Amino acid sequence: MTAKTTSARPEPRLYLATPVVTDAAALAASLTAILASADVAAVLVRLKESDPRSMITTVKALAPAIQGTGAALLIDGHPDIVARAGADGAHLTGIAALEEALPGLKPDRIAGGGGLSTRHDSMRAGELGADYVLFGERDAQGRRPSPDAVNERLAWWAELFEPPCVGYAISLKEAADFVAAGADFVLVDDLVWNDARGPAAALAEIGTVIRNAHAAAPVAVAGQS
């Protein structure tokens, strides 16, 4: 894992996670307009547990609408179907899952790491070759770290390490705070899908919040942290 090098910080980008997909055709039909509303780097597809063939069919149904915009398509888990589904990579939860999946994903596909509850786990994910680390997501019981804890972890990682860090935000304030702390990407899900105005309007607003937070952040000076 390489240490951080000092350079101008690019504007963070959005990472959109889908709800668990139950109707791939309906979601695919809406994604083009949704993804056009903001700068979305990647979409994390959450699959309904089923047989591999059915899950591959779901991913293939969504792929044109996602990859056609230039966004990467990642699958939440299931690294064994990534290549067959034509996905760009997988998000793995926990060090064991990441370690097991990496040989089959690298070097051609993305392997992201989450479920990193300690600094040691985060560093281990980087050492293994994770393409990004995610902080702030919910655990299996629906619990998540406090926003202050996520800010602290993002700031620590952004200052010291080269692989990108992602902050999982459940509010506009968190999205702005995570950008200020040093997140390279902001992951959003229910904040988009549950908005009464519709997901495109919600995503556009989050994109504006990220852009404004980045513009307001202090500019790093070479040689200083």
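## Ground rules

This is a predicted model, where local features need pLDDT of at least 70, side-chain atom pairs count only at pLDDT 80 or more, and totals for chains, interfaces and linings use all residues. Residues are numbered from 1 along each chain as its sequence is written, and side-chain values use heavy atoms, with hydrogens and water left out.

## The barrel

Start with the sheet: eight strands form a closed barrel in the order 1-2-3-4-5-6-7-8, with parallel pairing. Strands here are DSSP runs of E with at least two residues, helices are runs of H or I with at least four, and both are numbered from the N terminus. Two strands pair if DSSP finds at least two bridges between them. As a reminder, strands of a sheet pair through backbone hydrogen bonds, either parallel or antiparallel.

Now for some individual pairings. Strand 1 runs parallel to strand 8, joined by four bridges, and Leu14 has Val186 in strand 8 as its bridge partner. Strand 1 also pairs with strand 2, in the parallel sense, over six bridges; there, Val21 is partnered by Leu47 of strand 2. Further along, three bridges link strand 6 (residues 132–135) and strand 7 (residues 165–168), again parallel. Leu134 is bridged to Val166 of strand 7.

## Helix 9 on the sheet

Helix 9 (residues 199–216) packs on the sheet and touches strand 1 (13–21), strand 2 (40–47) and strand 8 (185–188). Contact means heavy atoms within 4.5 Å. The direction of helix 9 makes about 150° with that of strand 1; axes are lines fitted to C-alpha atoms, for helices over the stretch in contact, and angles run from 0 to 180 degrees between N-to-C directions.

Val209 counts as buried because its relative accessible area is 19% (buried is under 20%, exposed over 50%, partly exposed in between, with a 1.4 Å probe and protein chains only). Not counting residues up to four places away in sequence, Val209 touches Leu172, Ala175 and Ala176.

## Helix 6 and its two partners

Helix 5 (residues 119–128) packs against helix 6 (residues 147–160) at about 40°, with the axes 12 Å apart. That angle makes helix 5 oblique to helix 6 (under 35 degrees is roughly parallel, over 145 roughly antiparallel, 65 to 115 roughly perpendicular, and the rest oblique). Arg119, Ser122, Met123 and Gly126 of helix 5 make the contact with Glu152, Arg153, Trp156 and Trp157 of helix 6. By type, those residues are three nonpolar, two polar and three charged (Ala, Val, Leu, Ile, Met, Phe, Trp, Tyr, Cys and Pro count as nonpolar, Asp, Glu, Lys and Arg as charged, and the others, Gly among them, as polar).

Helix 6 also packs on helix 7 (residues 172–181), at about 30° and with axes 8 Å apart, so helix 6 and helix 7 are roughly parallel. Pro147, Val150, Asn151, Leu154, Ala155 and Ala158 of helix 6 meet Glu174, Asp177, Phe178 and Ala181 of helix 7. That contact splits into seven nonpolar residues, one polar and two charged.

## Asn151

Is Asn151 buried or exposed? Asn151 is buried, with a relative accessible area of 17%. Asn151 sits in helix 6 and, leaving aside neighbours within four places in sequence, is in contact with Asp177, Phe178 and Ala181.
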